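Colleague: I'm new to this one. Can you walk me through the links that hold side chains together?

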Amino acid sequence: MRRVLLGCCLTAMAAMPVVAQSGSTPQQAPATDPFATYLKGAFKSNANYLIKSAQEFPDDKYMVKLGTQPETRTFAALIGHVIYANYYFCSIAKGEADPLTKDYEKNPGTKAEMAAAMQAAIDYCTPIYNALTDASAMEMVTPPTAPGRGPASPQPRAAILVRNLAHNNEEYGNIVGFFRGNNLVPPSSENQGGRRGN
């Protein structure tokens, strides 16, 4: 699924300059850095939903699971998983060591702690998305070597950031299930004015 999403995003990147130049007004100048602009906007939109989810989900339901399967995460562990992933992917994109020191997925804290940690994870990622240009998106970065494996292969920074965005979107879909399963409106459906939402 992630490979399909990555392929779609990279294909869209190649097509964006054409789309940007085909506006209804012939005199319209092509957009500057259309792929980077799209990526940072998509990250910001989804990040807002993640932050609001951590802030708005009821405190007394943070340790609730959906279903009875033992491997299913609680809401708190799911939030912790998203926190971890944002630090992981964005540290690779930045070319620095992952600064996260607590495993919020295995050892989640209170709602207040988890909401603050989600905000901090998004704040950590935001500068790399905001500074992105189409040129810097194509710069090669090398992920750290995974335990028990050989050296990782260099890849475009965009591949890492698209993977982070795709993962955030995927996990937000799981978060929506927690909201709906508890008869709550998820952040992406607030203020919809009767329109269909998640």
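Modeller: One term to start: buried means under 20% relative accessible area, exposed over 50%, and partly exposed in between (1.4 Å probe, protein chains only). This is a predicted model, where local features need pLDDT of at least 70, side-chain atom pairs count only at pLDDT 80 or more, and totals for chains, interfaces and linings use all residues. Residues are numbered from 1 along each chain as its sequence is written, and side-chain values use heavy atoms, with hydrogens and water left out.

Colleague: Fine. How many disulfides are there?

Modeller: The count is 1 disulfide, taking a disulfide as a pair of cysteine sulfur atoms within 2.5 Å. Cys90 is joined to Cys125, S to S 2.1 Å.

Colleague: Which parts does that pair tie together?

Modeller: Cys90 sits in helix α3 (residues 75-94) and Cys125 in helix α4 (residues 111-130), so the link ties parts that are 35 residues apart in sequence. Helices here are DSSP runs (H or I, at least four residues), strands likewise (E, at least two), numbered from the N terminus.

Colleague: Are Cys90 and Cys125 buried or exposed?

Modeller: Both Cys90 and Cys125 are buried.

Colleague: And what is the handedness of the link between Cys90 and Cys125?

Modeller: Right-handed, with 110° about the S-S bond.

Colleague: New topic. How many salt bridges does a search of the whole structure find?

Modeller: It finds 4 salt bridges. The rule is a side-chain nitrogen of Lys or Arg within 4 Å of a carboxyl oxygen of Asp or Glu. One of them pairs Lys52 with Glu190, with the closest N and O atoms 2.8 Å apart. Lys52 lies in helix α2 (residues 34-56) and Glu190 in the segment after α6 (157-181), so this pair ties parts 138 residues apart in sequence.

Colleague: What does Glu105 pair with?

Modeller: Arg73, at 2.7 Å, N to O. Glu105 is in the loop between α3 and α4 and Arg73 in the loop between α2 and α3, so the bridge ties parts 32 residues apart in sequence.

Colleague: And which partner does Glu139 have?

Modeller: Arg157, in a salt bridge of 2.7 Å, N to O. Glu139 lies in the loop between α5 (134-137) and β1 (140-141), and Arg157 in helix α6, so the tied parts are 18 residues apart in sequence. Glu139 is partly exposed at 41%, whereas Arg157 counts as buried at 12%.
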